[in-house]
Amino acid sequence: MSKPFTVFLFIGILFLLGSTASFGQSHNDPPFLQIQSAENPITIDGVADETDWLRRFDFLVFKNGFKPGDVEFGVTQHLLVDGDTYLDTTTTIVKMLHYGTDLYILIDSDDKYVNKWGNSWEGDGLFMKIRDGNGIDREIKLYFNAAGTDPDIVHEEQVVGSSEGVATKKTGTVVNDTSQIDAGYLAELVIHLDVLGYAADVEEVAINMNIFDPDKQTGVAGEEWNIGSFHKSWWGTEWGNSRLIRLADRPMKIAQATETEINLDGVLDEDFWVGADSVIVAKGSYTSSGGYYAQWGDTLNEYTDQSEAIVKFKHNGTDLYIGVMSNDSSVCKWSPGWEADGLFLWMTNKGDKRPAARMEIKNMYFSATQGTGAVFELGGAAPVGSAVGASHEPEGTVTQTETNGADDGYSLETVVYTDYYGYSEGDTVYLSVVIWDMDYASADAYDAHISDYAPNWWGTQWCDVNFEKQYLYRGVVLAFPSQIEDQTLIVREFALDQNYPNPFNPITNIRYTLASKTNAKVEIFNILGERISTLSNDIQDAGRHEVIWNGTNDQGKAVVSGIYFYTITTPQFTQTKKMVLIK
Ligand SMILES: [Ca+2]
Ligand SMILES: [Ca+2]
Ligand SMILES: [Ca+2]
Ligand SMILES: [Ca+2]
């Protein structure tokens, strides 16, 4: 055993002691929210008429006794202080989006009494803290605290210029007046993360958030406890521990050019797939837009599996190559309906981001016969012959049955002939990617007490509550061979990121940054320090890079569950991190 492996073992022990890795997400008090990129900047005017607000994505509901739904998340805790017999019933919805480093927050309240809390410094509205780029929590407030008849909302911030907030009163709302029932208020807030010291590639920000709701007050001293009541609720703890927002969802990916013809067999073993620009389509991902999770069979069941898929992009001329690797543990069709596991693409014609008719490309497990592969279909207005596809199921996967134990996922290759849609090399192809995930839905084993249903997406097609409107398409650039991998990212120093997902089964994504053009070797080691696999070893450009490890060794054999290490070695820099494979 050579010297570096002792170091690996030592790091491993430290990680074992300190690791509490978890990537599940509860519908009450979620530890993080996945924040979708808005298609356009939001106008901060207290009017939520932007299409981006109408789309379907995760949001918080601050309400006493709230029951969470598919995308509606309950917050951490509530406190109701009731000075008389009045029982507050306010619902406050908080939605978040981002556009680059601008974080948008929408507050939609149906508060029956919008007012200042007696003559104190408090009042109805939002009180939050956001951790800045130096790790310091900064307060931002947007609340009705001015005295007198019907004042406007007050905006306060600790870091000057870091935010802007505007509210409108709903029709019938008069602030600091108890003579009638109010209809509530609507507020918009933007937080400029760059002003708070974050770089353009910020992925995660810690916040906590309080909604304060005093009622039956007119802003007069002495009313606080004698007449009124207040309800407050918060996400995080009231002023302490934080929750995370994940705001990657980059709306653009770069399909690098290859001159190698794809072998269309569903197996992503062509050299060009290594390091291809990709999106991890999954709940809580830093790169995809969102999704939802439904247990249609039985709301009481405990099954919470949500598969993760990596979607990769390359191109050869105007042929767009799309590769999918999924760790789906139950590969099947949803036997009560038409839906099935797999890839569902919506295409656009060049210059038309709001197509009049659906253009569908499906590479999905529609055949209900046990052991069958994915079925490739063009649907809607997609031109005949405009795409082809194939699937591959590893040995451990037997589709359309649950009786042989958990499946080992699947992989897909799809080629879209984008010239059918009017695109040329160098263009940005607008499309929407959905990865469907039905579990325990096979006709021979459908179990209403277990089955579930979880589409996740990049872009989105069914994004409003009616599943049919407010389309959102993401861009894939058919890059000329000379184009830089990702011009939007700022390269500062060498870095090796934590793999994602982690723990994983069996696919994980390893990202790193090179400060200069150099030879970069990425290798996988087991806990004994034996090299399992070499993922890359060549001269690479400065910038962000990523490689996928699919849980196999250099001989293509699947490795066992356990702790593994990945290491990057360049002439200037070397670093090792731990990851956990759980089957
Ligand atoms: Ca607005
Ligand atoms: Ca109130
Ligand atoms: Ca292939
Ligand atoms: Ca599935």
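**Figure 1. Secondary structure of the whole chain.** Three helices and 36 strands make up the secondary structure of this predicted chain. Helices (H or I, at least four residues) and strands (E, at least two) are DSSP runs, numbered from the N terminus. Of the 583 residues in the chain, 45% are buried; a residue is buried if 20 or more other C-beta atoms lie within 10 Å of its own, exposed if 12 or fewer, and partly exposed in between, with C-beta atoms placed from the backbone. Residues are numbered from 1 along each chain as its sequence is written, and chains are lettered from A and ligands numbered from 1 in the order in which they are written. This is a predicted model, in which local features need pLDDT of at least 70 and side-chain atom pairs count only at pLDDT 80 or more, while totals for chains, interfaces and linings use all residues.

**Figure 2. Confidence along the chain.** The mean pLDDT (the predictor's confidence in each residue, from 0 to 100) is 88, and 90% of the residues reach 70 or more. Residues 1-24 have pLDDT below 50, and this stretch has 20 contacts in the model beyond near neighbours in sequence. Two residues are in contact if their C-beta atoms, placed from the backbone, lie within 7 Å. Residues 483-491 also stay under 50, with 17 contacts beyond four places in sequence.

**Figure 3. An open sheet of four strands.** The strand order is β33-β32-β35-β36, and the pairing is antiparallel. Two strands pair if DSSP finds at least two bridges between them. At the edges are β33 (531-540) and β36 (574-581), each of which pairs on one side only. Between β32 (residues 518-526) and β35 (residues 562-569) there are six bridges. I524 stands opposite Y566 in β35.

**Figure 4. The largest nonpolar core.** A nonpolar core is a set of buried Ala, Val, Leu, Ile, Met, Phe, Trp, Tyr and Cys residues joined through C-beta atoms within 7 Å. This core has 85 residues, of which V281, V311, L320, M347, L431 and V433 touch the most other members. Strand β25 (residues 428-436) gives the most to the core, with seven residues. The core lies between domain 1 (4-11 + 489-581) and domain 3 (252-478) because both give residues to it; the domain bounds come from an automatic or database domain assignment.

**Figure 5. Around V281.** Not counting residues up to four places away in sequence, V281 touches S288, A309, V311, V433, I435, N456, W457 and W458.
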